[in-house]
Number of protein chains: 2
Amino acid sequence: MKRTKSRATSFDVAALAGVSQSAVSRAFTPGSSIAEDKRAKVLEAARMLNYVPNSIASSLTTKRTNIIALILGNMHNPFYVHVLNEFSRRLQGLGRQILIFTVDPGSESDDAILRALQYQIDGVILTAAQLSTRMTSICHERGIPIVLFNRYIPGSDASGVRCDNVGGGRLIAEAFLAAGAKSFAMITGDPKGTTSQDRVRGFVERLMEEGVRRSEIEEVPGHSSYDGAASAALSLFAARSRPRPDALFGINDIMAMGAIDALRHRLGLRIPDDLMVGGFDDIPEARRAPYKLTTVRQPIDQMVARTLELMHLDEPDRPIERGIDLPLPSRLVWRGTVPVPPAFRAAAAEAAAADRPESG
Amino acid sequence: MKRTKSRATSFDVAALAGVSQSAVSRAFTPGSSIAEDKRAKVLEAARMLNYVPNSIASSLTTKRTNIIALILGNMHNPFYVHVLNEFSRRLQGLGRQILIFTVDPGSESDDAILRALQYQIDGVILTAAQLSTRMTSICHERGIPIVLFNRYIPGSDASGVRCDNVGGGRLIAEAFLAAGAKSFAMITGDPKGTTSQDRVRGFVERLMEEGVRRSEIEEVPGHSSYDGAASAALSLFAARSRPRPDALFGINDIMAMGAIDALRHRLGLRIPDDLMVGGFDDIPEARRAPYKLTTVRQPIDQMVARTLELMHLDEPDRPIERGIDLPLPSRLVWRGTVPVPPAFRAAAAEAAAADRPESG
DNA sequence: GCAAGTATTGAATGCGTATTCAACGGTCGC
DNA sequence: GCGACCGTTGAATACGCATTCAATACTTGC
C-alpha cells in the first residue's frame, strides 16, 4: 500500500511513453495535432500511471475552468431543487462542473460571488438573494456572465431569465373568477423579490379589472416556506369577523401546499368546496394526490436552456449580454383545488392525463 | 465600460502598493509574517483594483483546493436534499466549496470521481452509486479521502458513515408488533444497496423472532421514489385473494409517503385504521399534516459531523482512515401512521411536541 | 553599548499544463 | 525528381501565486 501521495504528472507520462510533455498535453486535448499511434501510446502510459490531467493547472493557461457557480437560497422550496437538478444534468452534459453556494434568502449574494470569483468560474447563475451593481460590474469586467434565474433586478446590468409572473398571477385570478369566487386572499413571498411582487401584481390587477377593490384582497406574508404559509393561512382563516375569503392564492406551490394542509387538517376546511386554492410553479409535488394543485406552470426546461444560451459558454469572447430580461410564457394547469368551470373541462382533462407519471 | 477582461494579479497590486508580490501574497495569507501597515496598504491597493486572489493558481503550489466533491444520486428523495443543504452549510462555514456531481442512482460513480479528481478536490463525499475498489485506491494513493454517506460497501477500503439500519428496521417491526399487526408487507429500495437491504433485514429478523414466517412477509420494489412506491403499493393491495397485510413498511419516507397517498386516494384505505405504515429517515416532509408518518429518525447532523471528521480536512497529512464503518444510533419517532400502544403514549406525545416547528 | 536573536522583506523558484515557435519529415503536384 | 506545403514534434515559456532563502531592520538581554 503505497504512501506516495504523488500524482503522476504529464512529465511522468511523457517519460514512460517516450515522448515530450507537449505530446501528453496534446493527447488529452481534442482537436490538437498529434499522430494517432502516438496518442495511443500516451493514453496507454497514462492508464498505467493512473494519470488524471490536472484541470486546475490547465486552467491557469487556458483561462477557463469549466466551473459554473450556482447560487442557491431556499432549498426547502422544491422548485429550486428541481432547478438545481436540471442545471446539473445539462451542465454535466456540456462538460461543466457546478460549484454550489448557498446563501440566506434575501441576503446579499456578494460574498458568495466573491468566493466564486476566486475559483475563476466561467459563469454565475443566481437563483437567490440580491445582487449589487458593483458585483455585477466586477464580474462583467472580468468577462464572467451572470444570469439571474427566476428573478430580475430593475436597472441591473445582469441578464435574467424568468417566466411571465404578472401574466401567471392573472391566470390564477382568471381561474378564480371563472370558478365564481367573490372574495380573495393571498399568501405572499419575499416582499423584496420581484417574483413575488409580480405575481401579486398580476393577480390583483386582474381582479381589479373585474371591480374587486384592492382593500378587499387580503394579504399575508408566508415567507416562501411551507411552515410560514401554514401559519399565514391559519392567521387568515381562524377567528375572524369578516366572512372568509373563498379563494386563496399561494404565491408559490410550496406555500399553497402548506396552506392547504393547515386549513384542511387544522380547520377542517374542504378544498375546493369551502375554499379554492391556486399555486404557482407547478413543482412535481403539486400533482400528488393530497394536493392536486391548480397552479401556473413555469417552463423550467426552457428557462434553463435560455440561461445557458445567455452565458454562451462556448464563446467566451463574445461580449456579455447585458440587462436582458426574458419573460417566458407561463400557463395554467387545471387540477383539483379550483372547481373547473365548464369552459375549462377539456384543459383539466388534458392536465389530468399528463399527470400520470411524475417526472423523475 | 471597460472591455479589459484582465483580472488584476498580485503583481498589479504589488506595483500599486509599492511592495513586492510576496508581500501581496502574505497580506492575503492569514498567519504569515507581514507588518500591519504594509498589509493595510496592500489591501487598499487590492480594493482599488478589485483584486480577487486566484485560488486556482494558489492551489497549484499549496496542493489544496478547498473543494470537496459531493456525489449525489436521487435528488427526488428529499432526504438527500437535506443532506446536501447540511453539507453546504457546514463546509461553507469551514471555508470549503462544494463541487456537485449527479449520477444515475445505482450506476458506477467512477466517472464522476474521475472528473472530480481532475479538479484536485480535497475529498469526496459519496451519497449515491457504487464505488469500485480501483477508484478507491486511486483516491487513497493521492491522499484524497472518500466517505460513503448513508451506505457502506462490504470489503471496501473507503470509510462510511450511516445509521444503524438493521436496528432501525427492527424498531419499525417492533412498533408494528406492539400495535397488534399480524400480517406484513414492505416496499423496498435499491436491491443492490446495503441501506435498503439492512433495513429489510432488521425488519424481517425481528418479525421472525416473533414467529412470523419469512414467506408471509410480502415484498415489492419501490425504486426509492414516490411514484415507484405508489405503484408498488397499488400492486400490493389492489385485487388480491390473500387477506390484505395490516402493516406496511416503506423502506424510506418518500416511498412511505407515495404508498400512503396511493392507498388513501386510490383505494380509499384509512391509515392507521385499515393499515398501519412505517417509514425511515424522518425527512421534514414526514411530519406534515397529511402524513404524520411514524418513522425512524436518521441523525443527519451527527452523520454530517462524523463525515467531516473522517475527512480531517485540516490535517491533510494524517493518513486516511480506511474501512471505517460508523453506524450511529437511530430512533423511532411515533406519529400518526401506527396506532400508539399505551406503553408508547409518552414517546408519542414527546414527538408531537417536538414537531411544532418544521426545521427550516 | 554590543551580540544575539526576531520580525520583515523581496528575489527567485516551482507548481502542472497549454501554447508558441522553430524544426523536422513526409507528401503532393507538376 | 524537386520545391512547396502540411502534419507532427519537442524545447521553451507563461500562467498567478506560495514559499524558500538570504538579507535587512529592529529588539531585547546583559
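Helices (H or I, at least four residues) and strands (E, at least two) are DSSP runs, numbered here from the N terminus. The structure is a predicted model, in which local features need pLDDT of at least 70 and side-chain atom pairs count only at pLDDT 80 or more, while totals for chains, interfaces and linings use all residues. Residues are numbered from 1 along each chain as its sequence is written, chains are lettered from A and ligands numbered from 1 in the order in which they are written, and side-chain values use heavy atoms, with hydrogens and water left out.

A residue is taken as near a strand if one of its heavy atoms lies within 4 Å of it. By that rule 28 residues surround DNA strand C, and A:Ser10, A:Ser25, A:Thr61, B:Arg26 and B:Thr61 are the closest. Of the atoms of DNA strand C that come within 4 Å of the protein, sugar and phosphate account for 60%. At least two residues of this surface come from each of helix H1 (10–17), helix H2 (21–27) and helix H4 (55–62) of chain A, and likewise from each of helix H2 (21–27) and helix H4 (55–62) of chain B. H4(A) gives the most, with five residues. Sorted by class (Ala, Val, Leu, Ile, Met, Phe, Trp, Tyr, Cys and Pro as nonpolar, Asp, Glu, Lys and Arg as charged, the others, Gly among them, as polar), the surface near DNA strand C has 10 nonpolar, 14 polar and four charged residues.

A:Arg26 instead approaches a base oxygen of DNA strand C, with a polar side-chain atom at 3.0 Å.

DNA strand D comes next. Around it are 27 residues, of which A:Arg26, A:Lys63, B:Ser10, B:Ser25 and B:Tyr51 come nearest. Sugar and phosphate make up 63% of the atoms of DNA strand D that come within 4 Å of the protein. H2 and H4 of chain A and H2 and H4 of chain B each supply at least two residues here, and the largest share, five residues, comes from H4(B). The surface near DNA strand D divides into nine nonpolar, 14 polar and four charged residues. An N or O atom in the side chain of A:Arg26 is 2.7 Å from a base oxygen of DNA strand D, and a polar side-chain atom of B:Gln21 lies 3.2 Å from a base nitrogen. The side chain of B:Tyr51 has an N or O atom 2.7 Å from a phosphate oxygen of DNA strand D.

A:Asp282 lies in the loop between strand S9 (276–278) and strand S10 (295–297) of chain A and A:Arg297 in strand S10, so the pair ties together parts that are 15 residues apart in sequence. With buried meaning under 20% relative accessible area, exposed over 50% and partly exposed in between (1.4 Å probe, protein chains only), A:Asp282 counts as buried at 8%, whereas A:Arg297 is partly exposed at 24%.

Note on methods
Polar contact = N/O pair within 3.5 Å; in protein donor to acceptor, adjacent residues only side chain to side chain.
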